[in-house]
Protein chains: 2
Amino acid sequence: MSEVNGTPLLNRSKQRDRMPAAHRKPTMSDVARLAGVGTMTVSRVLSGAVRVSADTAQRVQTAIEQLKYRPNELARAFRGQRSHSIGLIIPYLYDPFFANCAHAVTTVARERGYSVIITTSAEDPETEFTEAEHMLERHVDGMVVIPSRFRQTRLTRSLFGKTPVVAFDRPVQDPSLDVVLVQNTAGARRIVEHLIEHGHKRVAYMGLSRSLFTINARFLGYRRAMQEAGLRSDAAFDCNTEEDTRRLLKEKMSGKDAPTAILTSNTLATRYVLSAISHLGLRIPSDVAFAGFDDFDMAEFTAPPLTVVRQPAQEMGRVATSLLFDRIARGETPQTGNRIVLPVEIVLRRSCGCKHRNPVIMS
Amino acid sequence: MSEVNGTPLLNRSKQRDRMPAAHRKPTMSDVARLAGVGTMTVSRVLSGAVRVSADTAQRVQTAIEQLKYRPNELARAFRGQRSHSIGLIIPYLYDPFFANCAHAVTTVARERGYSVIITTSAEDPETEFTEAEHMLERHVDGMVVIPSRFRQTRLTRSLFGKTPVVAFDRPVQDPSLDVVLVQNTAGARRIVEHLIEHGHKRVAYMGLSRSLFTINARFLGYRRAMQEAGLRSDAAFDCNTEEDTRRLLKEKMSGKDAPTAILTSNTLATRYVLSAISHLGLRIPSDVAFAGFDDFDMAEFTAPPLTVVRQPAQEMGRVATSLLFDRIARGETPQTGNRIVLPVEIVLRRSCGCKHRNPVIMS
DNA sequence: AGTTCAACTGCAAGCGATTTCGGATTGTGC
DNA sequence: GCACAATCCGAAATCGCTTGCAGTTGAACT
């Protein structure tokens with residue numbers, strides 16, 4: 001066996017002399033050849049699982065460095081059963097809330113040595129479905145997703161097979177998937193209660209399309225708070241564009257039952273409403289009090305500083321991703337997934353009518 | 001040839017009967033077997049490159065649907081030379097500016113049928129380097145990166161080999177990489193000139209660490225504008241934390257040569273400065289005029305609305321990614337890369353002293 | 001009718017890693 | 001010294017797919 005490699009006639013094409021390692025990336029067998037060992041030994045040194053004699057290991061290490069060998073992760077993922085990558089699907093990346101979620105996901109994944117394949121769904125169930133399929137074809141070890149429209153989702157266990165999936169921010173219909181949410185309803189309810197405590201009787205809710213789970217849940221919280229206070233809860237309006245919002249607000253504010261306070265469904269709605277309010281020349285909180293769902297970077301520097309419900313965006317991403325890694329580690333697919341609901345904070349600034357100079361946070 | 005597949009005796013272990021396709025994912029040869037063709041034909045139907053007779057193609061399609069066959073993208077990437085994925089490295093995802101860049105990258109990639117592997121570097125050259133290596137090990141077809149600190153970068157052609165790389169927002173030292181930037185210096189210069197036109201003689205520049213390319217470039221623009229106007233340009237301060245900024249501003253504003261206008265280096269600095277200003281009880285623009293580099297969602301609703309330099313974040317991501325795909329398509333590695341500089345806009349709101357009710361955009 | 005050519009299809013050989021299995025080389029106890 | 005176990009290591013088989021070539025067919029040509 002010792003001199004066999006000197007006999008070229010025995011070479012099947014498999015062992016043919018490849019390019020002199022000039023431009024081709026070095027492979028494991030290049031390393032093995034240089035170190036005078038078998039590929040298996042190189043593999044063992046790399047994975048570190050099985051013991052290899054110190055001497056051999058050293059030779060292999062030297063060869064690796066000399067050749068600047070880098071394992072081909074693609075081959076490894078293909079052969080083994082782990083791709084060491086997870087997928088992440090979110091509606092948009094330009095939305096700071098989603099971006100924060102995504103940040104947490106990538107951070108946790110990196111800590112675990114995983115890559116994340118990211119894609120945006122633009123809230124479109126069809127895109128979302130296609131992208132999920134792509135990720136599955138790439139054999140991601142798991143997926144974290146913010147599902148788009150609840151009703152039309154095609155995200156089901158049968159699509160994912162044994163691949164673990166965690167949905168967050170919004171639930172999915174399939175009960176076997178894990179879900180991580182925040183207290184949308186409770187948060188909205190509490191902040192409306194606060195508005196009511198300020199003496200407001202006519203509070204309006206202005207939000208994006210209620211076909212989005214979170215938006216609807218917040219509306220429910222609004223309605224609940226109003227009803228429990230014995231107030232009318234029918235001042236709930238959809239504002240999907242800046243123009244709509246402006247027109248709508250103008251109409252409502254000049255009506256006889258004009259709202260004295262407004263709650264918005266999220267930052268985008270906040271922007272629309274703020275724009276409309278400033279356009280109408282109204283002042284906050286003297287003309288209308290204001291509260292928004294979802295905090296944002298500059299909420300402290302608007303005029304006046306905004307009272308908001310603060311969601312733990314990064315925390316949610318972290319929890320969802322950790323949960324996913326648990327599932328991946330366990331390797332089991334449960335009948336019913338976990339459902340984790342994270343608490344929100346109420347940040348009292350001045351738009352609600354509070355007078356404190358600095359924000360007060362209620363958790 | 002027609003009955004050959006009926007003779008199990010010919011089976012070498014390679015063709016052994018695998019699991020009855022129960023829990024195993026169907027492979028191409030499952031499809032081939034069912035359709036009564038060779039795996040190559042299936043492959044050809046899938047890739048669509050070479051012509052296959054309509055009849056055969058139909059049979060294969062049927063088999064694919066019947067088996068719910070999904071090609072293994074990992075195997076495909078491994079075998080072929082294309083992984084159909086690109087890498088994206090950015091400092092943070094929670095920063096809206098970077099998130100916008102990332103959004104554009106993922107969007108363009110999706111349009112091309114590519115996956116994007118994303119990771120955050122936290123501005124750390126070491127992390128950035130390690131992550132780039134990981135992506136290379138995964139054999140991405142190309143990379144788009146926002147490089148961290150200029151001086152310490154380890155991002156060089158020798159690391160990337162033949163893999164195309166486009167740097168954006170900040171340059172890299174290696175001249176063979178493509179670079180897409182915005183007019184940092186010119187933008188800062190123009191907005192300072194505007195401040196000067198408002199009559200300001202003492203304009204301060206408050207920014208993050210100048211070891212970041214963009215921050216420094218903007219400082220240079222500030223200095224240039226001041227010098228050309230014959231004014232002193234030494235009121236340039238580093239403000240890396242909220243506390244620092246507050247202390248600094250307090251000191252400077254009470255000095256005898258207190259600045260009458262301030263330009264900040266980016267949104268984070270804007271926040272620090274805004275916070276300090278409000279803490280000191282100063283009013284904008286009567287006590288100090290204000291301009292910021294980098295627009296943000298709510299800049300219109302701060303008190304007062306902020307005059308800023310607006311960068312085309314998404315455009316930059318789009319251009320960088322398109323450039324990358326050009327390189328990937330061409331397959332050549334040039335000696336010297338392109339250097340594209342995108343124009344910025346000046347958005348005049350009211351913090352600079354302008355009186356218009358609505359923002360005026362100068363491009 | 002024989003030949004050429006094009007279109008279509010299949011076989012075999014890997015891509016670069018890991019897993020299985022077994023062989024070689026020690027070390028250990030008697 | 002010899003049997004036996006433990007330890008270390010290597011050959012071959014694969015993972016699912018595509019590339020290179022060769023083979024088959026039928027139609028078009030001379």
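Which residue of β2(B) is the bridge partner of A:Ile117?

## Strand pairing between the chains

In this predicted model, the bridge partner of A:Ile117 in β2(B) is B:Ile117. That pair belongs to the two β2 strands, for β2(A) is joined to strand β2 of chain B, residues 115-120, by 3 bridges, and the two strands run antiparallel.

## The contact between chains A and B

Chain A gives 41 residues to the contact, and chain B gives 41 residues as well. On the side of chain A that touches chain B, the elements giving two or more residues are the helices α4 (73-79), α5 (96-111), α6 (125-137) and α11 (267-280), together with the strand β2 (115-120). The largest share of this side comes from α5(A), with 8 residues.

Sorted by class, the side of chain A that touches chain B holds 20 nonpolar residues, 13 polar residues and 8 charged residues.

## Chain A as a whole

Chain A contains 12 helices and 13 strands. Its radius of gyration is 28 Å, whereas the globule rule gives 21 Å for 363 residues; because the value for chain A is well over that figure, the chain is more spread out than a compact globule. Taken along the principal axes, the box filled by the C-alpha atoms of chain A is roughly 100 × 40 × 35 Å.

Of the 363 residues in chain A, 46% are buried.

Conventions
Residues are numbered from 1 along each chain as its sequence is written. Chains are lettered from A and ligands numbered from 1 in the order in which they are written. This is a predicted model: local features need pLDDT of at least 70, side-chain atom pairs count only at pLDDT 80 or more; totals for chains, interfaces and linings use all residues. Helices (H or I, at least four residues) and strands (E, at least two) are DSSP runs, numbered from the N terminus. The radius of gyration is taken over C-alpha atoms; the globule rule is 2.2 Å times the number of residues to the power 0.38. A residue is buried if 20 or more other C-beta atoms lie within 10 Å of its own, exposed if 12 or fewer, and partly exposed in between; C-beta atoms are placed from the backbone. Two residues are in contact if their C-beta atoms, placed from the backbone, lie within 7 Å. Ala, Val, Leu, Ile, Met, Phe, Trp, Tyr, Cys and Pro count as nonpolar, Asp, Glu, Lys and Arg as charged, and the others, Gly among them, as polar. Two strands pair if DSSP finds at least two bridges between them.
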